[in-house]
Amino acid sequence: LGAPIQVRGDVSSQFLTALLLALPLAEGADRFPTTIRVTSPLVSRPYVSITTHLMRRFGVLFAGGALFSTKTLIENVAVVLRLHTGLNREDVMAVARLKLALMGLPGHENHYPSEVDEARRTWAGFARATALDPEILFLDEPAARLDPLGARRVDEIIRWFRDDLGATVVLVSNDHETLFSLADEAIFLDSETNTMTARGNPSYLRDHATDPKVRAFLGGGRE
């Protein structure tokens, strides 16, 4: 990530949106950049045309799952597969059912989002985000609505995508265990100053960050 970064409004969702808009969007682009530069203000483009072949190469999970309320859980996952693959309906539903099962949702395929709790909506959103086995995952507080065991399971899934499938993961999180166990590099956004205040490995920043708020956050409230 390249500075400068300015934050307006909801920090996590705005930042993820800005990263999505920073992807190479020109027709014919064949790879993601190694450096993403975000300048102020966030979400400065009123319209962006994202080509189909790029759309299928990344997955997005916003806090709470952001599911279509009028579609069942399996239909929420299937819509991605229908849009971005050439699979027939039977195969689409089979893959969608598998993705939900991997997230611990067998038997809930035909429930609507309003019929399940927040945790299951999050897992369904995760299933949709990973439906295409994407090269890059954008995750906004994936464990925010989960119990501690569920949060650690999210960490395991993220680690599997990163280490076994080679995916790049961009993660917004306030979970200390997630940060220290998964993050190679972290950036910290300050909503008061509307900018990035620190960047580096979480363990290093805990001891050496110049911003006392960063040290306090990573140290569990102790500078």
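Me: How many cavities of 30 Å³ or more does the count come to?
Reply: One. This is a predicted model. The largest cavity holds about 40 Å³ of space.

Me: What makes a space in this protein a cavity?
Reply: A 1.4 Å probe fits there but cannot get out, so the space counts as a cavity. Rolling a probe the size of a water molecule over the atoms shows where empty space is left.

Me: Which residues line the largest cavity?
Reply: The lining is made of Glu-141, Pro-142, Ala-143, Val-154, Asp-155, Ser-173, Asp-175 and Thr-178. By kind, the lining divides into three nonpolar, two polar and three charged residues.

Me: Why is Glu-141 called buried?
Reply: Buried means under 20% relative accessible area. Glu-141 has 18% relative accessibility, so it counts as buried. Glu-141 lies in the loop between E2 and H6.

Me: What is said of the phi of Glu-141?
Reply: Glu-141 has a positive phi of about 45 degrees, although it is not a glycine. Asp-133 is not a glycine either, and its phi is positive at about 50 degrees.

Me: Why is Asp-133 called partly exposed?
Reply: Buried means under 20%, exposed means over 50%, and partly exposed is in between. Asp-133 has 44% relative accessibility, so it counts as partly exposed. Its place is the loop between H5 and E2.

Me: What makes H3 largely enclosed by the rest of the structure?
Reply: Nine of its 12 residues are buried, so H3 is largely enclosed. Among the buried residues of H3 are Leu-73, Ile-74, Asn-76 and His-84.

Me: Which residues touch the most other members of the largest nonpolar core?
Reply: Leu-73, Leu-100, Trp-123 and Phe-126 do, in a core of 34 residues. Helices H3 (73–84), H4 (89–102), H5 (118–129) and H6 (148–163) each supply at least two residues of this core, and so does strand E2 (136–140). H3 gives the largest share, seven residues.

Me: What does Leu-73 touch?
Reply: Setting aside residues up to four places away in sequence, Leu-73 touches several others, including Leu-67, Leu-100, Leu-105, Val-116 and Ala-124. A second, separate core has eight residues, including Phe-188, Ala-198, Leu-205 and Leu-218.

Me: How do you know that Ala-186 is buried?
Reply: The cut-off for buried is under 20%. Ala-186 has a relative accessible area of 7%, so it is buried. Ala-186 lies in strand E4, residues 186–190.

Me: How do you know where Ala-186 and Ala-198 stand in sequence and in space?
Reply: In sequence, they are 12 residues apart. In space, C-alpha to C-alpha, they are 8.0 Å apart.

Me: What is Ala-186 in contact with, leaving aside its neighbours within four places in sequence?
Reply: Ala-186 is in contact with Ala-198, Arg-199, Gly-200, Pro-202 and Leu-205. Contact here means heavy atoms within 4.5 Å.

Me: How many helices and strands are there in the protein?
Reply: The protein has nine helices and five strands. Along the sequence, the pattern reads α-α-β-α-α-α-β-α-β-α-β-β-α-α.

Me: What part of the 223 residues is buried?
Reply: Buried residues make up 43%. The accessible surface of the protein comes to about 11700 Å², and carbon and sulfur atoms hold 50% of it.

Methods:
Residues are numbered from 1 along each chain as its sequence is written. This is a predicted model: local features need pLDDT of at least 70, side-chain atom pairs count only at pLDDT 80 or more; totals for chains, interfaces and linings use all residues. Side-chain values use heavy atoms; hydrogens and water are left out. A nonpolar core is a set of buried Ala, Val, Leu, Ile, Met, Phe, Trp, Tyr and Cys residues joined through side-chain atoms within 4.5 Å. Buried means under 20% relative accessible area, exposed over 50%, partly exposed in between (1.4 Å probe, protein chains only). Helices (H or I, at least four residues) and strands (E, at least two) are DSSP runs, numbered from the N terminus. Accessible areas come from the Shrake-Rupley method with a 1.4 Å probe; for residues, only the protein chains shown count as cover. On a 1 Å grid over the protein atoms alone, a cavity is a set of points where a 1.4 Å probe fits but cannot get out, and a pocket is an open set with protein on both sides within 12 Å along at least five of seven lines; lining residues have an atom within 4 Å of a point. Grid points are joined across faces, edges and corners, and a volume is the space filled by probe spheres set on the points. Ala, Val, Leu, Ile, Met, Phe, Trp, Tyr, Cys and Pro count as nonpolar, Asp, Glu, Lys and Arg as charged, and the others, Gly among them, as polar.
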